[in-house]
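Thanks for sending this one over. Here are my notes as numbered points, to be read with the model open beside them.

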Amino acid sequence: MREPEWRRIVVAPDKFKGSATAPEVAAAVAAGIRRVSPGIEIAQVPVADGGDGTADAFLAVGWERVEARAAGAGGEPGVSAYAVRGRTAVIELASVVGPATLPGGRPDPLHASTYGLGQVIAHALDRGVREIVLGVGGSASTDGGAGMLTALGMRIFDNRGDEIPRGGAALAHAVRVDRTGMHPALADTALTLASDVDNPLLGPHGAAAVFAPQKGAGPQECALLEAALANWATLIDPRQAERPGAGAAGGTGFAAMAVLGAVERPGIEVILELIDFPRLLDRASLVITGEGSLDEQTLHGKGPIGVATAARAAGVPVIAVAGRCLLADDRLRAAGFDACYTLAGLEPDPVRSMTHATDLLERIGERIVLDRR
């Protein structure tokens, strides 16, 4: 059999949530390709859209790993890592104050906090960083970003003059803020929110109504958090609460935009720009991207769509890999994919498919080459 006429393949997947990280997906697909066609040059470029795996996407392309001590979402001390190149840092909220950082992994929707995120931002500022990209997917809290701001020097008081405790519920008692002690370097720092969420802070599409139930909040707790966030918005800037992305990460988007002057952009767009993805497409004959589930949500700015759009703009064909695909063939083609290979196509049992994801991805890598011989 003849070798396919490919010079270079760029493997740029997002994570398969619950099965494999983006770097693991890229490595498995690449291993399968090399098994049947060892002469093909392969570039492994894992990507993310602002949620968990965002920092890894930059570390995988050579950014420096920097560690900082920071509290998890439940206040437990820990160590988090972020990516740095020059005076630019990429900080991933999920790895600092995501659900995995809660003690025992138990949800705490009323008291979980973004305080540790502020600690990591302060660490980067002290290090001389003056451009911060904040990946704001995968949070465990609904505290309106108040924890982040207090770690950066803001003080939030109740009607007795006491500072309120951490967590979203406490925001119901906030009556005054003092910004005089905030980190001085913030005035000279540009912040970008890398997010795939355009929800406002409040209302039926807001942080409490849409996302708090995913963090363990029942109906009464959601109502309490909605009222607390409404009070917080009144205290800071009600107009900013209506901005798309203000509801991201339990309202962290609101705090970042209203107080820190952050600009919200689609996460995958920011990431591809910073890793100079068009340059990585140079001499590429094929791009392989994907994520755990290719569905309608994918089409609304998720990682694979960003990769496919950039690849097609460069005239490079794109193949998708996924755990499962819920899109019809015409929807796939319209989105820029020439073909799609799924784990479910090799292993219909979803449990086995998830637990053996990397093995199945290697087989998919082999099939992609063999089908084109």
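1. Let's begin with valine 307, which is buried, because its relative accessibility is 0% and the cut-off for buried is under 20%. Valine 307 belongs to helix H11, residues 303-313. Please keep in mind throughout that this is a predicted model. Apart from residues up to four places away in sequence, valine 307 touches Ala12, Val47, Leu272, Phe277, Val287 and Thr289.

2. One of those contacts, threonine 289, deserves a look of its own. Threonine 289 sits in strand E11 and is buried, with a relative accessible area of 0%. Setting aside neighbours within four places in sequence, its contacts are Ala12, Pro13, Pro304, Val307, Val318, Ile319, Ala320, Val321 and Phe337.

3. How far apart are the C-alpha atoms of valine 307 and phenylalanine 58? They are separated by 15 Å, and the two residues are 249 residues apart along the chain. Phenylalanine 58 is buried too, with a relative accessible area of 0%.

4. Staying with phenylalanine 58, let's turn to the aromatic rings. The count comes to one aromatic pair. Its members are phenylalanine 58 and tryptophan 63, with ring centres 4.8 Å apart and planes at 65°, so the pair is edge-to-face; the cut-off for that label is over 60 degrees. Tryptophan 63 is buried, with a relative accessible area of 6%.

5. Arginine 166 lies over the face of tyrosine 115, 3.7 Å from the ring centre.

6. Next, the open sheet of six strands. Its order is E3-E4-E5-E6-E9-E10, and the pairing is mixed. Strand E3 (64-71) and strand E10 (263-266) stand at the edges with a single partner strand each, so one side of each has no neighbour in the sheet. From one strand to the next, the twist averages 30°. Inside the sheet, strand E6 (residues 131-135) and strand E9 (residues 190-195) run parallel and are joined by five bridges. As an example, glutamate 131 has alanine 190 as its bridge partner in E9.

7. What lies across this part of the sheet? Helix H4 (residues 115-126) lies across E3, strand E4 (77-85), strand E5 (88-92) and E6. The helix runs at about 135° to E3.

8. E1 runs parallel to strand E2 (residues 41-44), with four bridges joining them. Isoleucine 9 has isoleucine 42 as its bridge partner in E2.

9. Helix H8 (residues 248-258) is mostly covered, with eleven of its eleven residues buried; among them are Gly250, Thr252, Phe254 and Met257. Helix H15 (residues 357-370) has 14 residues and spans 20 Å from its first C-alpha to its last, close to the 20 Å expected. In H15 the buried residues include Leu360, Leu361, Ile364 and Glu366. The buried residues of H15 pack against helix H1 (22-36), strands E11 (286-294), E12 (318-325) and E13 (339-342), and helices H13 (343-346) and H14 (350-355).

10. Finally, please check two backbone angles. Aspartate 276 has a phi near 55°, a positive value in a residue other than glycine. Aspartate 276 lies in the loop between helix H9 (267-274) and helix H10 (277-280) and is partly exposed, with a relative accessible area of 34%. Arginine 283 is not a glycine either, and has a positive phi of about 70°. Arginine 283 is found in the loop between H10 and E11, and counts as partly exposed at 44% relative accessibility.

Terms used. Residues are numbered from 1 along each chain as its sequence is written. This is a predicted model: local features need pLDDT of at least 70, side-chain atom pairs count only at pLDDT 80 or more; totals for chains, interfaces and linings use all residues. Side-chain values use heavy atoms; hydrogens and water are left out. Buried means under 20% relative accessible area, exposed over 50%, partly exposed in between (1.4 Å probe, protein chains only). Rings of Phe, Tyr and Trp (its six-membered ring) pair if their centres lie within 6.5 Å; planes under 30 degrees apart count as stacked, over 60 as edge-to-face and the rest as tilted. A charge sits over a ring if NZ of Lys or CZ of Arg is within 6 Å of the ring centre and within 35 degrees of the ring normal. Two strands pair if DSSP finds at least two bridges between them. Axes are lines fitted to C-alpha atoms, for helices over the stretch in contact, and angles run from 0 to 180 degrees between N-to-C directions. Contact means heavy atoms within 4.5 Å. The expected span of a helix is 1.5 Å times one less than its number of residues.
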